[in-house]
Structures are given as C-alpha cells and as structure tokens.
Amino acid sequence: MLPVLALGSAQPDSLFKKANEQYAKARYREAMGYYRSIVKGGQHSAPVYFNMGNASYKLGDLPSALLYYEKALQLAPNDEDIKANIRLANSKIRDQIEEVPEFFMSRWWTSVYMSYPADTIAVISLLFSFSGSLFLIIYFFAYRTAIKKTSFFISLSCYALGLFSMFILSRQASYFEQQYGIVFNSPVYVKSEPAEGSKSLMLIHEGLKVKILEVGQNWVKVRLANGNEGWIKVVDLKGI
Amino acid sequence: MSLKTGKSVMYKRISYIAMVLLFCTKLIFAQDLRFTAAVSSTQVATGEQFEVSFAVNGSGDRFTPPDFNGFQVLSGPNVSNSMTSINGNTTVSNAYSYILVAVKEGTITIGSASMVVNGRRLVTNPIKMTVLKGQPVQRNQNNSPQNAQDNSIADESPADLSKSLFLRAVADQTNVYQGQQVLLTYRLYTRVGIVDSRLDKLPDLTGFWSQDVKDNQQQAQWRVETYKGQKYNVADVRQSILFAEHSGNITIAPFEMTFIARVAAPSNDIMDQFFGSSYKDVKYNTKSPPLVIHVKPLPQNGKPAGFTGAVGNFTMTADPDKTELRANESLSYQVKVTGSGNIKLLKDLTVNFPPDFEKYDPKITDTITETAKGVSGTRLYSFLVIPRHQGDYTIDPLQFSYFNPVTGKYVVLAGKSFKIKVNKGTAESNVTAFSASGKEDVKILDKDIRYIKTGDADLSRTGYSFYRSIWYLLMFFAGPVACIAAFIYRNRERRNNSDVVKVKSRKAGKVASRHLAIAEKQLGNRNEFYEAIFKGLYGYLSDKLNISVAELNRESIGENLTARNIDPQLISQLLTTLDTCEMARYSPVTSMSEQEVLQQSKNIINRIEDEI
C-alpha cells in the first residue's frame, strides 16, 4: 500500500494521528495501513489496537475486528469502550454461544484483577514496596514510641498491599497466558480427533473466540465458551 | 413442358373423364345440381352480425369463398355435410357458412363463391346487401377489413417462411437510464395468411420491473408496414412498459410463438393451376431475436440527499387537512405525486413530523394507467398523525426529488411548511398509554461501535512489559534491601553507643577542651580559673582512663598513664601542671603564669589524645 511505503520512517505518534484523520474521513483502508505500520514498527498500545478493530469493523472484517479488540483488551483490561465494541461485534457474528455463567464471586474477583493494566499494577506494587520500606526505616531510627508504633503498622500494611498487588498482577498475567484465538474461516468443523476423517462435533463460523487448550502439528484443541471442546485446524485460527 | 409430365397429365385427364362418365349415368339424371348463396338478412346495420351460407346439393370440392370486402369475418367457414339415403336414392349436401359483420355503410355486394361439383364449376349469385349506419366498428388505417390480411400481400407464395413470417421485439428506446420507462412491443410481421397462432413463451423480463399495457381491444390490429423494403402485415402482439432495475446491458430473451400459416402450395395438377391456387396449412414456430437495452446508471453528481429512485416527470403537492385541532384528534397529511414514470416503484416518503406526534404508516392509493405512452398517474400518500400534546408545531416542508431522464438532471420539489396549532384536548386524561410524568424511554435508533480513541497513542514496545522486566523485580526488592541496610547501620550505631567507656574516652578530649575554654574566659579570676583547669584535666583523665573522679589521685594517674605507655616526661609534666593548679588554689604564689598553665594544659591534652 502506498501510505505505508511513503511513511515507513515516520514517527509512530504522527502516524497514529494521520490514521485517525483518515478514519474520520471514512477512509478505513488507508487508516488501517497507517495503524499497521505502527505495529510493524514494533510499537503498540490499546488505542492503536482498538482503532484497528474499529477500522476492520467498518471494512466488514469482523474476525479481524474481534482479534484487534481482544488485543486492545489485553493492554487495557478495564476499558469500557473496548468491551462495548466487543459486545457489539460479537452480536454480529453467526455463532451465538451461551457462556457458562460465572459464579458472582469469581466474576467479582476477575473484575478486581482486571481493573488495571498489568504495568500499572506493577507500578502500584512498587510504590507500596517503597513506602513500606520508608516507614520501616523510620521505625528503625525513631526514638519516640508513638512514631515507632505508627510507622511500624503503616509499613506492615504497605508491604501487605504491595504483596497483594503483586499477587493480582500474577493472576492477570496467568489469565492472559491462557491462549485465546479467533476463528478466521467459515464454516469450520470442530472434529473429535486431530484427523481429517474423524467425527465432526460442531460447526462454527468466523469471529468466534475460542480458548486454545493444546497445540499440535496441524491441529489445535479448542474449548468454546459453552464448555464444548474439539479439534480444529491451525490455519482456521489466529491467536490473540 | 416435358414429355413425362405431359404424359401424366394425359393419364389424369383420362381418369377424370372416365369418372365423370361413370357418375353421370346415375347422378345427372337423379338430380339437378344447385349451388346457392343465402344471407340471414339482406339489410343489416354496421356492427350487426349476420350469416352467409353457401349450400350445394352434392359433394363438391375446391370451394372458393368470395371476397368479403366491406365485411369482417367473425367465424367461418363452418362446413356441414349431410347425407340421406331414401330407397337407394342417396342425397349429399354440403354447406359453408360464415358469420360476418358489416363494417362499411352503403350497398355492398357479396361476390360469387365458386365450387367444382362433379367436374362442373358452379358459381353462386352475388347478393346485394344494404348496410345501414349502426354501431361504429374499429377499422384499420388502410381501410382493409379487420382481422383479414390484405390478400394482395399474401398472394405470392414465399419460398422461405422465416422471411415472410417473423417476430420482433421492439423497444421505443434502447439507451435509457436506470428506472426510466421503456415501451417494449412484440410485433408480428407476416406476408402470409395466418390460420391460428399460439403464444409459446413470454420472456421473463429479468432485470426489469414490467407492467403490461392493457389493451381494450381483443383482436390484434393489422396494419401495413414496410420493413427492409418489403411490405408486411404487422400486428402488435403484446406491449409492456419496462423499468430497468439495474444498470448495464440487459438482454431481453426471445419471445416465442407457433403459427399455422396458410401458404400457397405449388401444385402440379393442371386443374389446380387452371382453377386457382391451392393452399397448404403449415405449422411454423418462430421466435424474436434477443434485444439488448443499454441501461445507464443514474448520475452520482447532483444527486439530492433524499433521492428515493423516482425517474420520470412528476409534480407533488403536500397538504394537511387542517391546521388547527385539539390534542388527541387525528390529522391527515396528504402527499400527492402525479406524473409519468416509475410511480409504482416509489419508496415510502418520510415526512418529518414533530416528535410529539404519534404517526402511522401512510395509506397509499394509486390511480395509474398504463398506455403505450407509458405509465402515468397519481400516487396518494395519506399520513395519519395524532398530536398528543397541545402547542404550536411545525411540519417541515417535504422534499421530493426525482430524476428527469429527458434533461438528464435531478429535480427537487419542495412542499410548504405548515404551522399546526394544537389546542388542549378534551380527553387528555383518557390517554393512559402515556405515563403521568410524561417521561418516555430514550429511543434507541441504531447501534454502532464506539468511536476510535483519538487521544494519546500511549505507545509502548511490542512484546515489552514492565512487570515482566528485571527492573521491576530489582526495584521491588530495592526497598527491603534499603531497610536491611538501614537496620544493620542502626545496630552498629547502637553497639558503638552502648560501650560507655569508649564513648567517654572518645569524648574526653571534647569535654576537656570545653573546660579549658571556660578557664580561658576566667583568665584573671584566679580561683575560678585554676578550678576550671583542674576540673578539665581531672575530668578528661577520668573519662580517658575510665577511673572515677573519686579514685583519681596523683599515684593512680601516674600508674595508669605509665601502663598505657605514655611518655614519662609527659606524665611528669601533667603531674606538675596538676600540682601547680592545686597549689595555686590555696597559695597566691605560683611558678607559672595563668597563661602558661592554660597553654601547657592544652598541649598535654593534645599529646595524650595523640597517644591514646
């Protein structure tokens, strides 16, 4: 594409701006080209993926739109816009799968550890660690009992919070370590075994998000949102 | 004529003569042959039906009807045969009858019919008909009788039927805009007589929306037309008005018909040739060549915003039936679109009524006629709205746009805007459908994705995440490590401070110099000066040697300092200074001045500090 060639060395931030301008003029293909060149340049961010998702959606490419939205969600797990667009895009795909209802506690817990991006949580845990250490040092050198006591308890709670945020971080990291994929072909037969001749269990269509359980040579084992499992070909799937 | 044919003609002639002779013996004497013509009435009015019958009391052949010039043949010839045998006397009679209708007024003669009976050619008497003025009868332009082709054309027997009997699909224009109307005519061209015809296949007009032209005449109308230099009898079989639904070259598939055509059969029979031509009925199937219509898309530039696909030439009026009414009463708003074009294909009009008006789908009434000139008429949209609240409202002017294919331009017609005054309704309380608070849910019109993020790109390196980097761990543990360092430092400090002796000895110099500083201020006050010096030295030594002041005396100082390897000279100097101080406190005479004592004390302390 022309804009990519012409602006290969441009600043990513200005590329982002240009892409948004193109998007505003409804030239989605051009906008997509600019966004792609940002990602090709080794940079990414939630807004970039989100806008790529929007451009794909406008171009009618639902599976790509969902793929980019999911990528954006990984970088900004609590972004309301991304969630809303995922919901809307999901309502347009062929397969409507009832998700297994989550227990309210686990839903709450997910919302807790997804409340901030991983790096933000990391910074928060660092702040707790620093302030905990600071108060501990105050405790070491203070002479007056009141100061000693207060600083000791503050320090303890800071350390506790720091460890808790580290734990949350690890939960989020392990959540995203679970591999998900978007089906990119239509229709796709979900087979009972990783072999062409095996029984077809389900028929799914492009845009569906599946969990990747196992990756083989040409086949991947996937689990659908309703809990059904089966094997599909690697080529029919794109990992998030 | 060749010998062979001459011979065969000879044989035939002989056989005829023999036949005639054979029959003559019986029949000639049995009866006299009569061939008569009769009409049901000799005086008819135009448009009135009457019957002409030709009867022969014998079996004849080669019946040739007369020219029914001035009449139209409705049916015929209806042939009836009867044969009666009484006492061996066989009577055969044949009758040919026609139902005719008079077309022209005046006195018209029905000519003679001829027939060959028993080798004799018989003719009927012509009949004079008086035709009075009656109902008008439709006539062709060339005054030839209806439904009867001009015989002069059919005279010549064509060698190839496809040249003298064919179909054509003719469009009034083949280069049109999408949605523009095209008049398509299936035309039959013939130079032969047609006995019967049947429509086999009408093309499915894919790509068009079609509307048949309703013809109020049952019979095809014949006229003479010249096509490619030949004169033909031409009739329009069917007419349709087409509206192209998409652009491009659209082919109209062939249209098929089967005919039974009457063609003159060339005969070798000398008698046939002599007595006139003979006919042969031939079944003939033909189809029209395909016709291509070039459809142009409607131009994009200048396309009005609310264009709904109307193509043609229209006028529009829009009127409400009243401009003042009470709340909850109905108001009718009528939009009338009149003109020619694809009026039946008009999409629903959207009228911007005030949002407080309850509106219903419009009632659409079409009064449309399809003629060869095209589809034209009126479409009436009748919108029923009910204002629910009192107030002054405005109905925005309605815009109606259409494309005029003749000028190739879009035309926008705008109605007027109307002010509607809604007074307080009588039965406002009856409307329970509306909640008391007057609030309604926000109407969700459509769903769309949320708009892109236009703020900061907030870019980071792909694959890099801070929380996975070594820096995060290092920084996280930096705090505890600092704490441990601080802890170790504090403990060492504490340990140092807990060793009092060391501390005292370390601080002895400082304490002593403080005492000496006091002494320096007391220069002149003899007693205070020496006391300060003495205290300073004693205090210093007590701290330094870790001996309580009480136990401190000349001997203990000497021993301790010697034990610490202090220069004996320095020790004696110290002891001398101490003695001087002690003595000076009680006796006024001293060996050294105050200044000297101070200087010496400082020196001593400095030297002991250096050595211990």
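## Strands across the interface

Strand β1 of chain A is joined by two bridges to strand β32 (residues 460-461) of chain B, and the two run antiparallel. Strands pair here if DSSP finds at least two bridges between them. Opposite His44(A) stands Ser460(B), a residue of β32(B).

The model is predicted: local features need pLDDT of at least 70, side-chain atom pairs count only at pLDDT 80 or more, and totals for chains, interfaces and linings use all residues. Residues are numbered from 1 along each chain as its sequence is written, and chains are lettered from A and ligands numbered from 1 in the order in which they are written. Helices (H or I, at least four residues) and strands (E, at least two) are DSSP runs, numbered from the N terminus.

## Interface of chains A and B

Chain A places 34 residues in contact (C-beta atoms, placed from the backbone, within 7 Å) with 26 residues of chain B. On the chain A side, the elements giving two or more residues are α2 (12-24), β1 (43-44), α4 (46-58), α6 (80-92) and α8. Of these, α8(A) gives the most, with 13 residues. By class, the chain A side that touches chain B holds 19 nonpolar, 12 polar and three charged residues. Ala, Val, Leu, Ile, Met, Phe, Trp, Tyr, Cys and Pro count as nonpolar, Asp, Glu, Lys and Arg as charged, and the others, Gly among them, as polar.

## Helix packing between the chains

Helix α8 (residues 118-141) of chain A packs on helix α5 (residues 470-498) of chain B at an angle of about 0°, with the axes 9 Å apart. The two helices are therefore roughly parallel to each other (angle under 35 degrees). Axes are lines fitted to C-alpha atoms, for helices over the stretch in contact, with angles from 0 to 180 degrees between N-to-C directions.

From α8(A), the contact residues include Ala122(A), Ser125(A), Ser129(A), Gly132(A), Ser133(A), Leu136(A) and Phe140(A). From α5(B), they include Tyr472(B), Phe476(B), Gly479(B), Cys483(B), Ala486(B) and Arg490(B). The contact of α8(A) with α5(B) has 15 nonpolar, five polar and one charged residues.

## Helix α5 of chain A

Helix α5 (residues 62-75) of chain A has 14 residues, which at 1.5 Å a residue should span 20 Å; its end C-alpha atoms are 20 Å apart, which agrees. The expected span is 1.5 Å times one less than the number of residues.

In α5(A), 11 of the 14 residues are buried, so the helix is largely enclosed by the rest of the structure. A buried residue has 20 or more other C-beta atoms within 10 Å of its own. Among the buried residues of α5(A) are Leu62(A), Pro63(A), Tyr68(A), Tyr69(A), Leu73(A) and Leu75(A). Their cover includes α4, α6, β2 (180-183), β5 (209-215) and β8 (237-239) of chain A.

## Two sheets in chain B

One open sheet of chain B has three strands in the order β2-β10-β7, with mixed pairing. At its edges stand β2 (43-45) and β7 (106-110), each with a single partner strand, so one side of each is left without a neighbour in the sheet. The twist averages 35° from one strand to the next. Three bridges join β2(B) to β10 (residues 127-132) of chain B in parallel, and Gln43(B) has Thr130(B) as its bridge partner in β10(B).

Another open sheet of three strands in chain B has the order β4-β8-β9, and its pairing is antiparallel. Its edge strands, β4 (60-64) and β9 (120-123), each pair on one side only. Here the twist averages 20° from one strand to the next. Strand β8 (residues 114-117) of chain B and β9(B) pair over four bridges in the antiparallel sense, with Met115(B) opposite Leu122(B) of β9(B).

Terms used
Parallel < 35°, antiparallel > 145°, perpendicular 65-115°, else oblique. Contact = placed C-beta atoms within 7 Å. Buried ≥ 20, exposed ≤ 12 C-beta atoms within 10 Å, placed from the backbone.
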